[in-house]
Each structure stands twice: as structure tokens, then as C-alpha cells.
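The structure is displayed first.

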Amino acid sequence: FREMDKVDIVEIFRDVELFEGASDEFVNKIAEIAEEKTFALGEMIFQEGEKANWVYFLLEGKVRISIDLTSKPTYVTVAMIDECIWPFGWSRIVAPYRYTATATCEVETKVLAIPGIQFEEFMMQEPNCGCNVMKKLTELISSRLRNSRMTLLRTM
């Protein structure tokens, strides 16, 4: 994976649907705090139930999002993230700030990780941008919830 500079990161975030309509200042602030992280095949990025600290954006690779089934000793894959700049791990900006699923790398994976507390602070400082981000996030959550529901119904 190639190392990115802040200009690259700003350009990437300008294409993120979650930041559609956000001010240049907001996008620049987000890019400033973003950290590149690389995970190995099979490595867990976060686990269901643990405290959420980061919001992630896929750069390269593939991430399986799964939930544990309490009635069975297994998990169900509810999403496969393989689209560049797709956000996941958004539980950090939605109370109770715990990951609602487990994210595991299907291949070596590179992400941009944003510290959730600062992300939330930036949204509070720029309420219009924050409102737009939360509206887009609500659409994303709704879509994933529909997909998860259909996946779970197929397992019964």
C-alpha cells in the first residue's frame, strides 16, 4: 500500500457521500485527524460490543461485518465492505458508542480511521455540516438495517 499525504486524504473525503455538502473547512479538519491503518488477513478491526473509538473508511481491501448469534455458536455476515471510501464503524458517533457488529479483514486491508470524539466535536462546531453528515449516516444505517434484516431472515 502506498503512503498518502493530507492532500490525497482531502481529495478522498471530498468523494465520500457522508461528507456531501460539507464545507471545505470541515473536510480539511477531518483529513487532518485521519490516520491510515493497515490490517492483515483475518485481523479483527473491532469486535461487537466493545467501546467504539474510531470511524473507518475503506481504502483498499475487504471487510466482513458480522454479528454473533446468541442462539447458535456462530455468526452471520450482514455486510461485506469492499467499496473504496465506504464508511463503517460509525457506532462511535451514535450512542451508546459500542460497536454493533464485528469487522474482520477478508484480505490485507487499508483504511482511514477517524477518532470518533474529534469527529463528533467537529460536527458540533459546524451544525449544518454535522446535520448533513447525520442525515447521510441515518440513510446508511437504514440501508444496512434492511440488508441485515433480510440476511437474518434467510438464516431462520
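Predicted model: local features only at pLDDT ≥ 70, side-chain atom pairs only at ≥ 80, totals over all residues.

The entries below follow the sheets, then the helices, a pocket and some backbone details.

**Entry 1. First sheet.** I looked up the strand order and found an open sheet of four strands, arranged S1-S8-S3-S6 with antiparallel pairing. Its edge strands are S1, residues 35–39, and S6, residues 87–88, each of which pairs on one side only. I then examined the contact of S1 with its partner. Strand S8, residues 109–115, runs antiparallel to S1 and is joined to S1 by five bridges. One pair I wrote down is phenylalanine 39, whose bridge partner in S8 is threonine 109. As background, I recall that strands of a sheet pair through backbone hydrogen bonds, either parallel or antiparallel.

Entry 2. I found another open sheet of four strands, in the order S2-S7-S4-S5, and its pairing is antiparallel. Why is one side of S2 and of S5 left without a neighbour in the sheet? Strand S2 (44–46) and S5 stand at the edges with a single partner strand each, so one side of each has no neighbour there. From one strand to the next, the twist averages 35 degrees.

**Entry 3. Strand S4 and its partners.** I followed S4 in more detail. Strand S4 covers residues 63–69, and six of its seven residues are buried, so S4 is largely enclosed by the rest of the structure. Towards strand S5 (residues 74–81), S4 forms seven bridges, and the two run antiparallel. Here serine 66 has threonine 77 of S5 as its bridge partner. Towards strand S7 (residues 102–105), S4 pairs over four bridges, again in the antiparallel sense. I recorded two of the residue pairs with S7. Arginine 64 is bridged to threonine 104, and isoleucine 65 is bridged to alanine 103.

**Entry 4. Helix H1.** I checked where H1, residues 6–14, is placed. Helix H1 lies across strand S3 (54–60) and S8, and runs at about 85 degrees to S8.

**Entry 5. Helix H3.** Which residues of helix H3 (residues 116–125) are buried? I listed Gly116, Phe119, Phe122 and Met123. These residues cover an arc of only 120 degrees around the axis, which puts them on the same side of H3. On the other side of H3, I found Ile117 and Met124 exposed. The general rule I keep in mind is that an α-helix has 3.6 residues a turn, so residues three or four places apart point the same way.

**Entry 6. Second largest pocket.** I looked up its volume, which is about 190 Å³. The residues that line this pocket are Asp15, Val16, Glu17, Leu18, Glu83, Cys84, Ile85, Trp86, Pro87, Lys136, Glu139 and Leu140. Which helix gives the most to the lining? Helix H4 (residues 127–155) does, with three residues.

**Entry 7. Glycine 130.** Staying with H4, I noted that glycine 130 is found in this helix. Is glycine 130 buried or exposed? Its relative accessibility is 7%, so glycine 130 counts as buried.

**Entry 8. Isoleucine 85.** I returned to one of the residues lining the second largest pocket, isoleucine 85. Isoleucine 85 is in the loop between S5 and S6. Its phi is near 65 degrees, a positive value in a residue other than glycine. At 16% relative accessibility, under the 20% limit, isoleucine 85 counts as buried. For context, most residues other than glycine have a negative phi, and most peptide bonds are trans.

**Entry 9. Loop between S6 and S7.** Proline 96 is found in the loop between S6 and S7, and the peptide bond from alanine 95 to proline 96 is cis, with omega near 15 degrees. Tyrosine 97 lies in the loop between S6 and S7 as well. Phi of tyrosine 97 is near 60 degrees, a positive value in a residue other than glycine. With 29% relative accessibility, tyrosine 97 counts as partly exposed.

Terms used. Residues numbered from 1 in each chain as written. Heavy atoms only, no water. Pairing = 2+ DSSP bridges. Contact = heavy atoms within 4.5 Å. Axes fitted to C-alpha atoms, helices over the stretch in contact; angles between N-to-C directions. Buried < 20%, exposed > 50% of the residue type's maximum accessible area, 1.4 Å probe, protein only. Arc of directions from axis to C-beta. 1 Å grid on protein atoms, 1.4 Å probe; cavity = no way out; pocket = protein on both sides within 12 Å on 5 of 7 lines; lining within 4 Å. Points joined across faces, edges and corners; volume = space filled by probe spheres on them.
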